[in-house]
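This briefing goes through one structure, topic by topic. Keep the sequence and the 3D view open while reading.

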Amino acid sequence: MTKEELVQKAQDARKLSYSPYSHFAVGAALLCKDGEIYLGANIENSAYPLCMCAERNALYNAAMHGKKKEDFVALALCAGSDEPCSPCGACRQVLSELFPIDAPIYMSNLKGEIEETSIRELLPYAFSADDLK
Ligand code: THU
C-alpha cells in the first residue's frame, strides 16, 4: 500500500469524525503487517476534556482487535488544516508506548500535502516504562 492510499483511508475515517465543538475533523488510519487497516476519527464531548483524538481512537481500535506495537507498519492522519496535521502531545505519548519508534507517520491535509515523520522525531526524551524503574 502506498502512503497516498493510506492517507486516503485517513480521509475516509475523517468523515466519521464527531466534532461539533471544534469543527476540526481529523481521521487516522493504522496499517498492520497483515494488511489490516484500523481507522479512527476524533470524537468530541460537551465536557471538552473528554474529547478523544483520531490517532488514539485508531490505536485503541487496533488494540481491541489484538494488535500490538510489533504489528504496526505505518500511521496516516489527515485534517482540513493549512499545514499537514501534526499529532498532539497526548497522542505522541500514547504512540510512543504503542507504536514503533521509527515507523512512518504520514501527516496530511485535504490539499494532498503529506509529510513523513516518526515518534523518534516527534517525541524525543519520551517518558516510558523504563523511567518507572
Ligand atoms: N485532534 C485530533 O484528533 N488529532 C490531533 O492530532 C490534533 C487534534 C482533535 C482533537 C479535537 O477533537 C480537535 O482535533 C481540535 O483539537
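A polar contact is a pair of N or O atoms within 3.5 Å; within protein, one must be able to donate a hydrogen and the other to accept it. The model is predicted.

**S108**
- S108 sits in strand 4.
- With a relative accessible area of 0%, S108 is buried, because buried means under 20%.
- The side chain of S108 comes to 2.8 Å from the backbone oxygen of L77.
- Leaving out residues up to four places away in sequence, S108 touches V7, L77, C78, A79, P84, C85, E113 and I114.

**Helix 1**
- Helix 1 runs over residues 3-14 and has 12 residues.
- From its first C-alpha to its last, helix 1 reaches 16 Å, close to the 16 Å expected at 1.5 Å a residue.
- L6, V7, A10 and A13 are buried in helix 1.
- The elements that the buried residues of helix 1 pack against are strand 1 (26-32), strand 2, strand 3 (72-79), strand 4 (105-109) and strand 5 (114-117).

**Nonpolar cores**
- The largest nonpolar core has 22 residues, and L30, F72, L75, L95, F99 and I105 touch the most other members.
- At least two residues of this core come from each of strand 1, helix 2, strand 3, helix 3 (89-98), strand 4 and helix 4 (119-122).
- L95 is in contact with L59, L75, P87, I105 and I119, if its neighbours within four places in sequence are left aside.
- Another core, of nine residues, lies apart from the largest one, and its members include L6, L31, C78 and Y106.

**The ligand**
- Around the ligand are S22, F24, V26, N42, E44, C53, A54, E55, S86, P87 and C88.
- An N or O atom in the side chain of N42 is 2.9 Å from an oxygen atom of the ligand.
- For A54, a polar backbone atom is 2.9 Å from an oxygen atom of the ligand.
- For C88, a backbone N or O atom lies 3.2 Å from an oxygen atom of the ligand.

**C53**
- C53, one of the residues around the ligand, is placed in the loop between strand 2 (37-41) and helix 2 (54-63).
- Not counting residues up to four places away in sequence, C53 touches A41, N42, C88 and C91.
- C53 and D34 are 19 residues apart in sequence, and their C-alpha atoms are 25 Å apart in space.

Notes: Residues numbered from 1 in each chain as written. Predicted model: local features only at pLDDT ≥ 70, side-chain atom pairs only at ≥ 80, totals over all residues. Heavy atoms only, no water. Helix = DSSP H or I, 4+ residues; strand = E, 2+ residues; numbered from the N terminus. Contact = heavy atoms within 4.5 Å. Expected span 1.5 Å × (residues − 1). Buried < 20%, exposed > 50% of the residue type's maximum accessible area, 1.4 Å probe, protein only. Core = buried A, V, L, I, M, F, W, Y, C linked by side-chain atoms within 4.5 Å. Near = heavy atom within 4 Å.
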